[in-house]
Amino acid sequence: MVALTAARRELLARQGWDVDRRGLTGAPHIRVVMSELAHVAIVRALRVLGFGLDTVERIPVDEYGRVRTDAVPALDDRTILILQAGEVNTGEFDPFADVLPVARAAGAWVHIDGAFGLWARASRSHRYLTDGVDLADSWTTDGHKWLNTPYDAAMLIVRDAQALSSTMNSDTAYLSGDGDAQKNLTLELSRRARGIGVWAALRTLGSAGVEELVDQCVSLAQRAADGLRGDGFTDLNRVVLNQVLVRADTPEQTIAVRERAVATGQTWFGPSMWHGEPAFRISVSSWRTRAEHIDALVELLRQCRGR
Ligand SMILES: Cc1ncc(COP(=O)(O)O)c(C=O)c1O
């Protein structure tokens, strides 16, 4: 929400429109272009900010769930383009290296939702997935997913620091003069020091530790996919990262397997849909997950399917 607010404010400022003083009524129209698979968190932020969901231009995706480069509409300097590093069901990455140079040349603001996927960049084996992502204007990622910090440790990075601190500025109220004080970077004035958990995790793991965490989870996701395929489940994604998306033979069987598995108390799946049909998604992201846990999960699902 903060990133999109900064994006809109900055694009309007470039059109000579001071949104802080004049508001949105009569303002130049700011377009939003995003993947048809954008996460619900993005959709909600747009709705809350008053963008109007019917006005959002949705880019169709390819068979893997990445935006189709040939379907990206013409972009301009009144456009916010939202792409994702790590689609929640498939773990796929939009083709940044193809789209971002064009978006940048057009003067669009590009925001990347990298809630879990941006961490692929810490791995030498998987960072290719993020190639070109550094050309964006803003990025969000979570500590509470792959970094395994306690909940609500999220990070927003904005290329133009001034665009962020001007958007969230509260110095008129508090006159401290610290442009980049925390209260000038987030929605809250009062907040606990959530960054400490993130700092501690990064300080403890180091870049080698984060890389190992990422690589281990990806390899375990692959193990889960291989095991489930061997047991007759159908793969719905290719495992590029830590997400495994599968279904059983029929929608009814998929739902039944999920419900039986959850009823054992040994695992938990949230319901997921893929191309309009029920599926279940495994996101391997805990530092504690080992091969034996994956094997036990595969065995549990095999039993639940066989019943
Ligand atoms: C791709 C993606 N974007 C956004 C979010 C929402 O992130 P948060 O947990 O920080 O609200 C998630 C969480 O599931 C996600 O997977």
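Here are a few questions and answers on the domains, helix packing and ligand shell of this predicted model.

Residues are numbered from 1 along each chain as its sequence is written. Because this is a predicted model, local features need pLDDT of at least 70 and side-chain atom pairs count only at pLDDT 80 or more, while totals for chains, interfaces and linings use all residues.

Q: How many Å separate the centres of domain 1 and domain 2?
A: The chain splits into domain 1 (2-142 + 154-193) and domain 2 (206-306), with bounds from an automatic or database domain assignment. Taken over C-alpha atoms, the centres are separated by 30 Å.

Q: How many residues does the contact take from domain 2?
A: Contact here asks for C-beta atoms, placed from the backbone, within 7 Å. Domain 1 puts in 16 residues, and domain 2 puts in 17 residues.

Q: Are α7 and α9 roughly parallel or roughly antiparallel?
A: Helices are DSSP runs (H or I, at least four residues), numbered from the N terminus, and α7 covers residues 195-230. The axes, lines fitted to C-alpha atoms over the stretch in contact, are 9 Å apart at an angle of about 25°, on a scale from 0 to 180 degrees between N-to-C directions. Angles under 35 degrees count as roughly parallel, over 145 as roughly antiparallel, 65 to 115 as roughly perpendicular and the rest as oblique. So α7 and α9 are roughly parallel.

Q: Which residues of α9 meet α7?
A: From α7 come L220, R223, A224, G227 and L228. Their partners in α9 are A291, I294, D295, L297, V298 and L301.

Q: What is the orientation of α8 and α9 to each other?
A: Helix α8 spans residues 251-263 and α9 spans residues 291-306. Their axes come within 9 Å and cross at roughly 125°. That therefore makes the pair oblique.

Q: How many charged residues does the contact of α8 with α9 have?
A: V257, R260 and A261 of α8 touch L300, L301, C304 and R305 of α9. For the classes, Ala, Val, Leu, Ile, Met, Phe, Trp, Tyr, Cys and Pro are nonpolar, Asp, Glu, Lys and Arg charged, and the others, Gly among them, polar. The tally is 5 nonpolar, no polar and, for charged, 2.

Q: How many residues of the shell around the ligand are nonpolar?
A: The shell (C-beta atom, placed from the backbone, within 6 Å) includes H39, Q84, D113, F116 and D142. By class there are 3 polar and 2 charged residues, and the nonpolar ones number 5.

Note on methods: Helices (H or I, at least four residues) and strands (E, at least two) are DSSP runs, numbered from the N terminus. Two residues are in contact if their C-beta atoms, placed from the backbone, lie within 7 Å.
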